[in-house]
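Subject: Structure handover

Hello,

Here is the structure I said I would pass on. My notes on it follow below.

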Amino acid sequence: MTFSDTLQVEGIRSVENVTWHGFTHLQTGLTVRGELEILPPIDPRLQLGSDTRETAWLHIIRDDYAEFLAEVAQEDRLQQASESSRPTWMIARRDDNPGDPVVKFFLAKLGSADA
Amino acid sequence: MTATDIYDFEGNIPDMIAVGFTAAQMNVATVNIPPNFDKPRPRSELMFKAGPASSPPSLSIVTGNKRVISAYTGELEIENITAPDANNKSIHAAYRARVRQIMELDSLRSAVNTTNSPYRIEFIAATGSTQTESTGDGYEVSRLTYHVQFSIKVDAFNQLAAAS
């Protein structure tokens with residue numbers, strides 16, 4: 001890890017307990033913590049009207065979760081730890097740029113009636 | 001029998017076809033189903049676009065010795081949405097195949113051509129399909145289209161005349 005990366009990671013960790021969320025990877029049971037970057041919801045624009053699903057980028061520090069990063073696959077599920085509810089997200093995309101100490105996963109929230 | 005019961009093709013025909021989907025325990029939506037924040041997936045949405053009357057026109061003689069056009073055509077669009085499926089689209093493919101099975105002519109007729117229905121499906125034929133690549137956004141969508149030819153039963157016209 002470069003000095004620049006170290007500074008970035010330390011900056012992220014300094015706010016970790018304030019803004020980060022915990023997740024359980026339902027395929028393996030592994031837990032991770034990361035920051036959710038909220039995005040506009042995606043609507044498939046079907047003819048009978050809106051059917052949006054909330055989306056977000058999940059940022060996790062690469063060096064902290066090597067086992068999770070080795071196991072995770074597209075379309076896996078992450079259950080968010082929350083006091084009020086336990087929403088489940090699906091991993092739709094990954095942005096794993098080696099120049100960034102953070103790996104990003106594009107998440108789409110699953111509806112309560114989704115299979 | 002009201003005019004809506006007979007002439008609201010766009011509302012009535014999808015609802016009748018939806019019965020076949022519900023019987024197969026599949027999620028289905030039509031224009032008459034109230035909006036919902038959280039629509040289930042997988043799901044099929046049925047839209048009917050009325051077309052011209054059959055040519056040459058098919059006429060029925062109804063109460064009062066009136067002639068009415070009784071056979072029409074239209075296009076049924078079925079939009080199917082499922083979870084994404086990076087592995088060869090097999091989940092979506094299986095769902096779409098099930099929809100095609102439900103839309104087989106005789107299965108459809110048994111769902112629509114009931115005693116209480118004002119309509120009789122004469123013919124339905126698949127006219128094509130398209131698929132949207134949306135795996136990275138968290139879903140898969142395909143659209144199936146069907147040409148539909150149907151007629152209105154003389155009894156329905158007579159009931160409408162009696163009620164008018």
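Ile61(A) sits opposite Val102(A), a residue of strand β6(A). This is read from a predicted model, as is the rest of this message. The two strands concerned are β3 (residues 53-61) and β6 (residues 102-109) of chain A, which run antiparallel and are joined by seven bridges. Another pair between them is Ala56(A), whose bridge partner in β6(A) is Leu107(A).

Strand β3(A) also pairs with strand β2 (residues 31-42) of chain A, again in the antiparallel sense, over six bridges. There, Leu39(A) has Thr55(A) of β3(A) as its bridge partner. Is β3(A) enclosed or open? Eight of its nine residues are buried, so the strand is largely enclosed by the rest of the structure.

These strands belong to a closed barrel of six strands in chain A, in the order β1-β2-β3-β6-β5-β4, with antiparallel pairing. On average, neighbouring strands of this sheet are turned by 45 degrees against each other, direction ignored. As background, strands of a sheet pair through backbone hydrogen bonds, either parallel or antiparallel.

Two loop residues of chain A have a positive phi without being glycine. Arg45(A) has phi near 55 degrees and lies in the loop between β2 and β3 of chain A. Glu75(A) has phi near 80 degrees and lies in the loop between α3 (66-71) and β4 (77-80) of chain A. Which of the categories, buried or exposed, applies to Glu75(A)? Glu75(A) is buried, with a relative accessible area of 13%, whereas Arg45(A) is exposed at 71%.

Now chain B. It has five helices and seven strands, and along the sequence they follow the pattern α-α-β-β-β-β-β-α-α-β-β-α. Of its 164 residues, 45% are buried. The C-alpha atoms of chain B fill a box of roughly 60 × 30 × 20 Å along the principal axes. Among contacts in chain B between residues at least 6 apart in sequence, 67% join residues at least 24 apart.

Helix α2 (residues 9-23) and helix α4 (residues 105-112) of chain B pack with their axes 8 Å apart, at an angle of about 115 degrees. Angles of 65 to 115 degrees count as roughly perpendicular, so α2(B) is roughly perpendicular to α4(B). The contact is made by Met16(B), Ile17(B) and Gly20(B) on the α2(B) side, and by Leu108(B), Ala111(B) and Val112(B) on the α4(B) side. The crossing of α2(B) past α4(B) is right-handed.

There are cis peptide bonds to look at in chain B. One joins Arg41(B) and Pro42(B), with omega about 5 degrees; Pro42(B) is in the loop between β1 (28-29) and β2 (43-53) of chain B. Another joins Ser55(B) and Pro56(B), with omega about 0 degrees; Pro56(B) is in the loop between β2 and β3 (59-62) of chain B.

Last, Thr73(B), which is in strand β5 (residues 71-82) of chain B. What does its side chain reach? The side chain of Thr73(B) reaches the backbone oxygen of Pro52(B) at 2.7 Å. Thr73(B) has 10% relative accessibility and counts as buried, because the cut-off is under 20%. Leaving aside neighbours within four places in sequence, the contacts of Thr73(B) include Phe48(B), Ala50(B), Ser54(B), His147(B) and Phe150(B).

Regards

Conventions. Residues numbered from 1 in each chain as written. Chains lettered and ligands numbered in written order. Predicted model: local features only at pLDDT ≥ 70, side-chain atom pairs only at ≥ 80, totals over all residues. Heavy atoms only, no water. Helix = DSSP H or I, 4+ residues; strand = E, 2+ residues; numbered from the N terminus. Buried < 20%, exposed > 50% of the residue type's maximum accessible area, 1.4 Å probe, protein only. Polar contact = N/O pair within 3.5 Å; in protein donor to acceptor, adjacent residues only side chain to side chain. Contact = heavy atoms within 4.5 Å. Pairing = 2+ DSSP bridges. Axes fitted to C-alpha atoms, helices over the stretch in contact; angles between N-to-C directions. Parallel < 35°, antiparallel > 145°, perpendicular 65-115°, else oblique. Left-handed = near helix turned anticlockwise from the far one by under 90°.
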